[in-house]
Amino acid sequence: MSVNDAITVTGLRKSFGRTAALDGLDLTVRAGEVHGFLGPNGAGKSTTLRILLGLLRPDAGRVTVLGRDPWRDATELHRHLAYVPGDVVLWPTLSGGETIDLLGRLRGGIDEGRRRDLVERFELDETKKGKAYSKGNRQKVALVAALASEAPLLVLDEPTAGLDPLMEEVFQRELSALRAAGRTTLLSSHILSEVERACDRVSIVRSGRVVDTGSLDDLRHLTRTRVHAVLRRPPTAAEASAWAGVHEVVLDGDALSCAVDAEHLGDLVAALGRRGVTGLTCRPPTLEELFLARYQSVGPARAVAEQPA
Amino acid sequence: MTTGAAPVAETSRPAPWVSRLAGTASLLRLAGRRDRMLVPSSVLGLVVLAVGSAQATLALYPTDAAASQGLGALLANPSVVALYGPLPSPTADALAVVKTVMMGAFLTAVLGFVVVRRHTRTEEDEGRFELLGSGVVGRWAPLVAAVALASAAVLAAGVLSGLGLAALGMDPTGSAAFAIAWLTAGLATVGVSAVVVQLASTSRGAAGLGFGFLAAAFAVRAAADSAASGTWTHALGWVSPLGWAGRVEPYGADRLWVLGMGLATLVGGVAAGVALLDRRDLGAGLLPVRVGPRRAAPALRGPLSLVVRLARGTVIGWGVGMVLGGVLIGSLLGAVADMGRDPAVRDLLEKLGGTTGAFEDVYVAAEVHVVGAAVAGMGVALVLRLVSAERTGLGELVLAAPTARARWFGAHVILPVVLSAGLMAVLGLAIGLVGPTVAPAAPGVGACVGACLAVLPAVWVVVGVATLLAGARPRLAPFAWGVLLVTFLVSEVGPLIDLPTWLLDLSPFTHPSSLPAGSFEVLPAVVLTAVAAALVALGVLAYRRRDAA
Ligand SMILES: Nc1ncnc2c1ncn2[C@@H]1O[C@H](COP(=O)(O)OP(=O)(O)OP(=O)(O)O)[C@@H](O)[C@H]1O
Ligand SMILES: [Mg+2]
């Protein structure tokens, strides 16, 4: 591991009775980056975050957070870390303001100015009792408490679930400010546009393992580009499917649509040129395509690739 | 959902009250499934309490003469009368159940309340009703299903116990009356619970109201039973459901018609409950939630202050309860002393070889023993808040801050340990201040506070058991309630039925010195405190090693 890594996890395993929630998970979060943590429901994201906090005890694997073992050094580690849980519950009899103060004081103090700014920006009514808050407002209480801290590492489990688009925007700006200030954020999320905007790198977890990690550009690069071409001399569908890296071929008269692996895009364009291309559109994978391919246990791209065309 | 109606034409809509009950059967089945351990084991425990102790008593004292000889002195003692009600008749049958009538009526009432609350307010608190309420479930259905399950549990406990007693060869009418005593208290409480769960806005608030009601019902009947019949105070027994249970007088007057009062309260309570339901929002009480302060008080800054702050209602409620209870116990000392001066009672007690001196001391010791068990119950409830905070995810918020686990855990132990001591001291103070004003021979402040503090080691052992379970096996933590109940019953009923000494010794409540009647022994107090400390230490060790979310 490098000293520049805020979090390193190798071979992490955790079972609850018979369910294996984590099955050899590896994760590296570099210091100063916003790292997106994505995956389908039940993939093991929240479990991983709880282990990073030392709330759960790993069955196997090495976990280092800010140079510490979270299970053994949890208390010390928490001085440098702020957390928003995936399911924010508040004490029904404490007001939002009291909760923010309490969580701040537990962490050893709170920056008054920052607290005031955040409450204002998130338009939070601090006088409501925990019981009376709506879901989004509960989320805001936890967010304000976490963002008001000066912790160098933030661990956020679906922090924007339930926030309206305006508040989501406020959160995005806070996230950029955090990055500008050199703080590290691990952000679990299901909102792809949020991830695209905020994250330097992402890790995608499925069934307790990380299946892909890297910047979005890297991932895009690994995902097929859609190509639509109109040709003077179209090939047969079988011919086109035989070209290296070409999949999902659909031939409609002289129009050819297909998907192509990034490294074979050049070859395809050359082949199309030889066949007298009169129209050509190339579309990079949409975010949805990019993630769907990785969320499904057998990605559609791979499934198509395995079909005899 | 089997009762879900298919889409129907506008004209054939079911009558409103039918639709408000839609889904009751499914909910009842669901509730029965969730309580498939709690209800049968509670019912079984109650039946064993009634039938087992009666059988053991009758085996020891088979005839009326033997029974009055052996138990009369003990049970006609004014301190027992104040706690359990008067002896309906000097027969073996009546003596065999005199303690379990009232004890069981109280526990049946608790069971009824607990079941109603679990399936109404608690469900609402945890947001599960919204899930159900959006299906084809009528507005009244959850309440009606909860009341039905609770009533069935009460009915099973009462009827099976009555049948069991009759099967022992005890008087059939008396056995029916015994069942009716429990049913009256239990069903009436189910009716009251149907209202209580609408009033409070949280499950915890409902528990406070419900248990407060039961404590008040018990206090009223204790005061009534200590007064001479024909007085105004004695008549007050007719306003308490637990008083009704006592006034059935099984194996004596056998007033079977008292059941009517229980049934009327049940019906009236449910009617009032559904009326209130129609007037409030899901998840809310009748009183709107007030707004809170914008900033936290400076004192709210660590795990302990948080735990104390969250228990504010409990602390205030119990504090007030202790003052009232102490004043009541103290003021009943006059009646107890009078009863002790009654030549007929003295004569009986002397003939039977019982104690005739210092009724006041014996009475205070008996009351303090019972209140000690109640305070232990409060301690268990406070320790179990650690487990519920863990389940809801609130613990995660605190533990993700630089809070050492041991401190978070410790806060949930320190509060009940300290609070129990404070409450018992308040109780002693109240008894000691009030008692001497009505009975010259009553123990003073020092003696009463001493008596109250002497039971603390036993209370702490129970808190320790809850702590160990919460630390090591949070899923099993509710068993601490069972431990409290069984150990207390063993200490109350055990000596009557000659339970083996080793069994009595297992209960922490048999060990503390019975003050102010006896003398203070240091060794049991030290040993109990050491056991409690060891249990807590094991709990902390286990907690630090396990998952905490
Ligand atoms: N305390 C627990 N006891 C038993 N099983 C658990 C527990 N916590 C998590 N699991 C199981 O572990 C697996 C991973 O759950 P986790 O909450 O980490 O998923 P997630 O990726 O956060 O999902 P989501 O996107 O829905 O939040 C799931 O199968 C879940 O059922
Ligand atoms: Mg999750």
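**Backbone, sheets, core and rings**

User: Is E248(A) buried, partly exposed or exposed?

Analyst: E248(A) has a relative accessible area of 29%. Buried means under 20% relative accessible area and exposed over 50%, with partly exposed in between (1.4 Å probe, protein chains only). Therefore E248(A) is partly exposed.

User: On what basis are the residues, chains and values given, and what kind of model is this?

Analyst: Residues are numbered from 1 along each chain as its sequence is written, and chains are lettered from A and ligands numbered from 1 in the order in which they are written. Side-chain values use heavy atoms, without hydrogens and water; local features need pLDDT of at least 70, side-chain atom pairs count only at pLDDT 80 or more, totals for chains, interfaces and linings use all residues, and the model is predicted.

User: What is the phi of E248(A)?

Analyst: E248(A) lies in strand 11 (residues 246-252) of chain A. Strands (E, at least two residues) and helices (H or I, at least four) are DSSP runs, numbered from the N terminus. Although E248(A) is not a glycine, its phi is positive, at about 55 degrees.

User: Where does D498(B), which has a positive phi, lie?

Analyst: D498(B) is a residue other than glycine, with phi near 55 degrees. Its place is the loop between helix 23 (479-493) and helix 24 (501-506) of chain B.

User: Which strands stand at the edges of the open sheet of four strands in chain A?

Analyst: Two strands pair if DSSP finds at least two bridges between them. The sheet has the order 11-12-10-13 with antiparallel pairing. One side of each edge strand is left without a neighbour, because each has a single partner; the edge strands are strand 11 and strand 13 (277-283).

User: At what angle does helix 10 of chain A run to strand 10?

Analyst: Helix 10 (residues 265-274) lies across strand 10, strand 11, strand 12 (255-260) and strand 13 of chain A. Axes are lines fitted to C-alpha atoms, for helices over the stretch in contact (heavy atoms within 4.5 Å), and angles run from 0 to 180 degrees between N-to-C directions. Helix 10 runs to strand 10 at about 5 degrees.

User: Which strands of the open sheet of six strands in chain A are at its edges?

Analyst: The order of this sheet is 5-6-7-3-8-9, and its pairing is mixed. Each edge strand has a single partner, so one side of each lacks a neighbour; they are strand 5 (81-84) and strand 9 (209-214).

User: Which residue of strand 8 in chain A is opposite L38(A)?

Analyst: Strand 3 (residues 34-38) and strand 8 (residues 201-206) of chain A run parallel, joined by four bridges. L38(A) stands opposite I204(A).

User: How far apart are the ring centres of W238(B) and W257(B)?

Analyst: Rings of Phe, Tyr and Trp (its six-membered ring) pair if their centres lie within 6.5 Å; planes under 30 degrees apart count as stacked, over 60 as edge-to-face and the rest as tilted. Six aromatic pairs are found over all chains. W238(B) and W257(B) form a stacked pair with 20 degrees between the planes, and their centre-to-centre distance is 5.9 Å.

User: How many residues apart in sequence are the parts tied together by F409(B) and Y543(B)?

Analyst: F409(B) and Y543(B) are stacked, at 4.8 Å centre to centre and 25 degrees between the planes. F409(B) lies in helix 20 (residues 405-438) and Y543(B) in helix 25 (residues 522-545) of chain B, so the parts they tie together are apart by 134 residues.

User: Over the ring of which residue does the charged end of R405(B) sit?

Analyst: A charge sits over a ring if NZ of Lys or CZ of Arg is within 6 Å of the ring centre and within 35 degrees of the ring normal. The charged end of R405(B) is 5.7 Å from the centre of the ring of Y543(B).
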